[in-house]
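Let's take a walk through the open spaces of this protein. Have the model up on your screen and follow along.

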Amino acid sequence: MRLVVLSGAGISAESGVPTFRDALTGLWARFDAGRLATEDAFRADPALVWGWYRWRAAMVAAAAPNAAHIDVAALADDGHALTVVTQNVDDLHERGGAREVLHLHGRLLASRCIGCGGRAAPDPILASPSPPEGGTRETPPACTTCGAAFRPDVVWFGEALPADVWDAAEAAVDACELLVVVGTSSLVWPAAGLPERALRAGTPVLDINPQATPLSSRATAHWAQTATAGMAQLRARLANAAPVPDAALFD
Ligand SMILES: [Zn+2]
């Protein structure tokens, strides 16, 4: 079966990766997303923003993929054509074994020059020493080519999604026979438009989320389960499923 898995913060929360808002603790508690996750914020205070992302990158590097990440990747081993589309900026799908992962909102464990787009190896966002517990202000390194500062390779508020990634995500959704939405509130656009696009095309959409979301009542089925429980159930059902999704898959 041609499958697309669209994942959100809920799948990584089970690995202990704090959500965006949960990462506003300690030193960062008096800031909000608008003062940490925009280009204006970075240009106004690069050390503050770089320090926050360095701390979050260190937390992700210390986390491990959970059973849900591993079950998602295993769908390809089970013989399905799988594309993973994620709103998460961590690399837990890749470390869980997934080979094709489209990062709609960029990557936390990568950085690039804000001036020329150049990169450096090893990537400075992962450079030691690791940020102390709770993080600290850190001046971002300067690009050896143009002298501008390195910035995290994530999509900030006010920025467009990477066009090549978005196009690939839409193409995968258009080609799939089942879209599985797991661990996302379905509130963040344009990502939330992908399930709507599938439903308009008549493609079944399965929503796996412990809480009901704006998608749940519109989806073909809503499993009120955690990512780990839902992915385990899906993988087991698909092992005995008809070649195309039918009611038995969702009941
Ligand atoms: Zn540069």
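Start with the largest pocket, which holds about 1100 Å³ of space. Of its 45 lining residues, Ala9, Phe20, Gln87, His105 and Val188 are the closest to the centre. A pocket here is an open set of points on a 1 Å grid over the protein atoms alone, where a 1.4 Å probe fits, with protein on both sides within 12 Å along at least five of seven lines; lining residues have an atom within 4 Å of a point. Volume is the space filled by probe spheres set on the points, which are joined across faces, edges and corners.

This is a predicted model, where local features need pLDDT of at least 70 and side-chain atom pairs pLDDT 80 or more, while totals for chains, interfaces and linings use all residues. Numbering runs from 1 along each chain as its sequence is written, and side-chain values use heavy atoms, leaving out hydrogens and water.

Back in the largest pocket, helix H1 (9–13) gives the most to the lining, with five residues; helix H4 (46–62) supplies at least two. (Helices are DSSP runs of H or I, at least four residues; strands are E, at least two.) Domain 1 (1–17 + 65–105 + 161–251) and domain 2 (18–62 + 107–154) both contribute to the lining, so this pocket lies between them. The domain bounds come from an automatic or database assignment.

Now find the second largest pocket, with about 190 Å³ of space. Its lining counts 13 residues, with His103, Gly106, Arg107, Asp153 and Pro162 nearest the centre. Strands S4 (106–113) and S5 (150–154) each give two or more residues to this lining, and domain 1 and domain 2 each give at least three.
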